[in-house]
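Thanks, everyone; please have the sequence and the structure open while I talk. I would like to go through the nonpolar packing and then the aromatic rings.

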Amino acid sequence: MINRFNMLAIKSANQTLADAALLPDPIFLYAPLIVQGEITILFADTGIGKTALSVMIAIYIAKKYKLLYVDLELTDKQFEKRYRNAEGKHFAFPSNFYRATYEVLKELPKDISYEDFFIKSLKDRIKEFRAEVVVIDNMTKIVSGSTDSAKSTIPIMNALSALKFEEGITFLVLEHNKKVDEWRPISLNDLQGSKMKSNFADSVFTIGRSAFDKNIRYIKQLKVRSGELIYDEENVLVCELTTSSGYLGFSEIGYQNERELLKQQDSNSYEDKIGEVLQLKAGGMSNVQIARQMGRSEGTIRNWLDRAKN
């Protein structure tokens, strides 16, 4: 007698193709990084701008979809200070952008683990606000143990996967990285608890820091399932961390090979760099064009030119 309860469903490859052809192609919510109905992990070092980038992505997505930003990092006041200008005017978020923070509870319910209580709370809020996209900032704050431990993290990732399949929820999950040598390109192995987490994720991308300019960041894709791998090691997206848009965010500069942004490439002296900038300037290039070519911010090029004049 065949057991009717089984975890595995079987169909022919031809039937698989026929069935899948009836489904819509993947929809990019924020191309090429976020695909609808997928779990995406963004990991990076502390203080590099994970929250700034994730909020910027969330703002873009919330213009069309109901989004729940689970902010377990910033207090309300810290968040408010980030999104007001020098005149005290607040940034206008899309009406679909909802922010969730920890509720102050005197004690946790009995007979339920911390992780299970978080997932239950998350499910309730998703249902209540009819959220289609959820950003979790960050994974470290929702497990009682270390996020390097599979035992601590697997229940959370399993629960997010179930919500993805059952409710069609799109997730962007933020996580920290392991210590990365300044001379080495970032890899999937640098994700905290990498092997287990990356198996659950459909996509993984990271933020790196330029060794030559404190305001320059780069975005690199490390895993895609149904999206497009565009920002690889030879073609990372170079950005400047700036408040030019009215709030802290990433302003795109151009594309570059990741190794050109790493410390070991810094073989030229400061005088050599100034000489190169002056030569490019004399050739008619603007400060912005020079910045893109050299992987620096426009402000740095301007400062170098001012110092060269003096």
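Keeping in mind that what we are looking at is a predicted model, let me begin with the largest nonpolar core, which has 39 residues, and in which Val70, Leu122, Val134, Leu160 and Phe171 make the most contacts. The largest share of this core, five residues, is contributed by helix α5, which spans residues 150–167. If we take Leu122 and set aside residues up to four places away in sequence, Leu122 touches Leu68, Val70, Val134, Ile136, Leu160 and Phe171. There is also a second, separate core of 36 residues, and Ile34, Ile48, Val135 and Leu174 are among its members.

Turning to the rings, the structure holds 11 aromatic pairs. One of them is the stacked pair of Tyr69 and Phe97, with 5.9 Å centre to centre and 15 degrees between the planes. Because Tyr69 belongs to strand β4 (residues 67–71) and Phe97 to strand β5 (residues 97–100), this pair ties together parts that are 28 residues apart in sequence. Both Tyr69 and Phe97 are buried.

Tyr83 and Phe93, by contrast, pair edge-to-face, at 5.2 Å centre to centre and with 70 degrees between the planes; both sit in the loop between α3 and β5, 10 residues apart. Is Tyr83 buried or exposed? At 4% relative accessibility Tyr83 counts as buried, whereas Phe93, with a relative accessible area of 24%, is partly exposed.

Finally, ring pairs link Tyr69, Phe79, Tyr83, Phe91, Phe93, Phe97 and Tyr247 into a cluster, and over the face of Phe79 lies Arg99, at 4.4 Å from the ring centre.

Technical notes. Residues are numbered from 1 along each chain as its sequence is written. This is a predicted model: local features need pLDDT of at least 70, side-chain atom pairs count only at pLDDT 80 or more; totals for chains, interfaces and linings use all residues. Side-chain values use heavy atoms; hydrogens and water are left out. A nonpolar core is a set of buried Ala, Val, Leu, Ile, Met, Phe, Trp, Tyr and Cys residues joined through side-chain atoms within 4.5 Å. Buried means under 20% relative accessible area, exposed over 50%, partly exposed in between (1.4 Å probe, protein chains only). Helices (H or I, at least four residues) and strands (E, at least two) are DSSP runs, numbered from the N terminus. Contact means heavy atoms within 4.5 Å. Rings of Phe, Tyr and Trp (its six-membered ring) pair if their centres lie within 6.5 Å; planes under 30 degrees apart count as stacked, over 60 as edge-to-face and the rest as tilted. A charge sits over a ring if NZ of Lys or CZ of Arg is within 6 Å of the ring centre and within 35 degrees of the ring normal.
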